[in-house]
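Here is a colleague's note to read alongside the structure. Please keep the view open and find each place as it is mentioned.

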Amino acid sequence: MLTRRQLLALLAAPARPNVIVILTDDQGYGDLGCFGAADARTPHWDRLAAEGIRFTDWHANSPVCSPSRASVLTGKYPQRTGIAEVLNSKPTFDVAGLRRGEVSLGRELQKAGYKTAAVGKWHLGSEAASRPRAQGFDEFYGFYSGWVDYYSQRYYTLGGNPGASGPPPQNIFHDFWDNEKEIFPEPQHQTALLGRRAVEFVRRQRAGQPFFLYLTFGAPHYPMMAPAHFVERFPATMDRDRRLHLAMIADIDDQIGALRAELKRKGLAGNTIVFFQADNGATEETRADHAGRPYRGGSNGPWRAYKGSLFEGGHRVPALMTWPGVLTPRVEGGTGMGMDVLPTMLGLAGLGLPAGIDGSDLSGALRGGKPWPERTLHWEYSRQRAVRKGDWKLTVNPRPSLLGQNENITWLANLKDDPGETKNLAAERPEVLAELQKDLTAWRW
């Protein structure tokens, strides 16, 4: 029973903002109109950018999905979550991922009285301790695997497809859930299923009850599938793979539009933070190409390389945020990372930060009262290592994508002068090289 003093304090406290975090899968920097893609049709994303903050220097913590997502939810470098690589997808649903009791944005907001939901791709472990309901979410609707077919909701690996997760040579299983119940929805494209559930979750929320929605679309990841009416939005003369890729993105755009319309209908738009980022850069995996070639359907814009690389194309991603009336709309050039999402959302909600996280609370800088933090940032994946300090970036043993091999080189670039990382300055700037090598050696997560 609350005392009168506690009740009055509760009534006087400002309403906590609702929080929506949206992730997409394998979507490149050059796949949105608001990021310069003239061939894209993304009016709802573009409106989000116009009404909020468009980040031009935002990064995934990893150039692949599981580690990147782990950082978004925990506020940590992925190596410190135990998820440094892509997790397998198995029909036994016993893949270890996030550890029991791990810090998570869902858990922190749940403790503060939020209703929490995870909708979409999880890929952070399928054993009981790693599932969404054990990691701070009141409800889950989606799948545990790295991907599933957009209509049958089945994961499949046929013929021992190189680079695909799961035991070869053949692996086919159904993976779609409503909490702990396996479900078989009527045939409908997965993106629409997830978008509809997200809208339904918002519709169920009562006034005064803050909520957190973690909405993670599986698109535009392989297998490349889109409903015909989205494909028909693009000219038949367009490159076949690009056309299908953009159709999948247009589908997500419609779902984001429907979600924001529901927020407005319920009078919640003004007190809801919406944040979006892609989980990594666009891929060139051959399995995504209609003819089995290196895929070119997705675009990483001006950045070098693809998913799986520690050059910018692997991890510099599109990102947007809006909170009407609180965050001033603008283009933001400050450097941010997926691991900043947890501390920033907690900071904007007026909540304290958990111990042991690596990300920075950017809420003060986003509100405009504090400077953007200066820091040294690190990446590590597949024998590659990279460090960023100001405009300087050092990449060691880089690879061009998940298809290519590591090169035994040390690449130093000034991203201000050479955003495409075309010129190696290691020989010309030995003092910068030595400083960043020292930072890289000292970093042991």
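1. Which are the buried residues of helix 9? They are Val341, Leu342, Pro343, Thr344, Met345, Leu346, Gly347 and Leu348. Please bear in mind throughout that this is a predicted model. Helix 9 spans residues 341–348 and is mostly covered, since eight of its eight residues are buried. After helix 9 comes glycine 350, which has a positive phi, near 75 degrees.

2. The largest nonpolar core holds 104 residues, and among these Val21, Leu105 and Leu213 touch the most other members. Helix 7, which covers residues 240–265, gives the most to this core, namely nine residues. Apart from this core lies another one of 11 residues, including Val387, Val396, Leu425 and Leu440. As background, nonpolar side chains in soluble globular proteins tend to be buried together.

3. When its neighbours within four places in sequence are left aside, valine 21 is in contact with Val72, Leu105, Phe212, Leu213, Tyr214, Leu215, Phe275, Val341 and Met345. Two of these names, Val341 and Met345, belong to the buried residues of helix 9 listed above.

4. Aspartate 25 lies in the loop between strand 1 (18–24) and helix 2 (43–51). Is aspartate 25 buried or exposed? Aspartate 25 counts as buried because its relative accessibility is 0%, and the cut-off for buried is under 20%. The side chain of aspartate 25 is joined to the side chain of lysine 121 by a polar contact of 2.5 Å. Not counting residues up to four places away in sequence, aspartate 25 also touches others, among them Cys65, Arg69, His221 and Asp279.

5. Serine 104 sits in the loop between helix 3 (65–74) and helix 4 (105–111). Serine 104 has a relative accessible area of 1%, and is therefore buried. Its side chain reaches the backbone nitrogen of arginine 107 at 2.9 Å. With residues up to four places away in sequence not counted, serine 104 touches Leu73, Thr74, Gln135, Gly136 and Leu342, and Leu342 is one of the buried residues of helix 9.

Key
Residues numbered from 1 in each chain as written. Predicted model: local features only at pLDDT ≥ 70, side-chain atom pairs only at ≥ 80, totals over all residues. Heavy atoms only, no water. Helix = DSSP H or I, 4+ residues; strand = E, 2+ residues; numbered from the N terminus. Buried < 20%, exposed > 50% of the residue type's maximum accessible area, 1.4 Å probe, protein only. Polar contact = N/O pair within 3.5 Å; in protein donor to acceptor, adjacent residues only side chain to side chain. Contact = heavy atoms within 4.5 Å. Core = buried A, V, L, I, M, F, W, Y, C linked by side-chain atoms within 4.5 Å.
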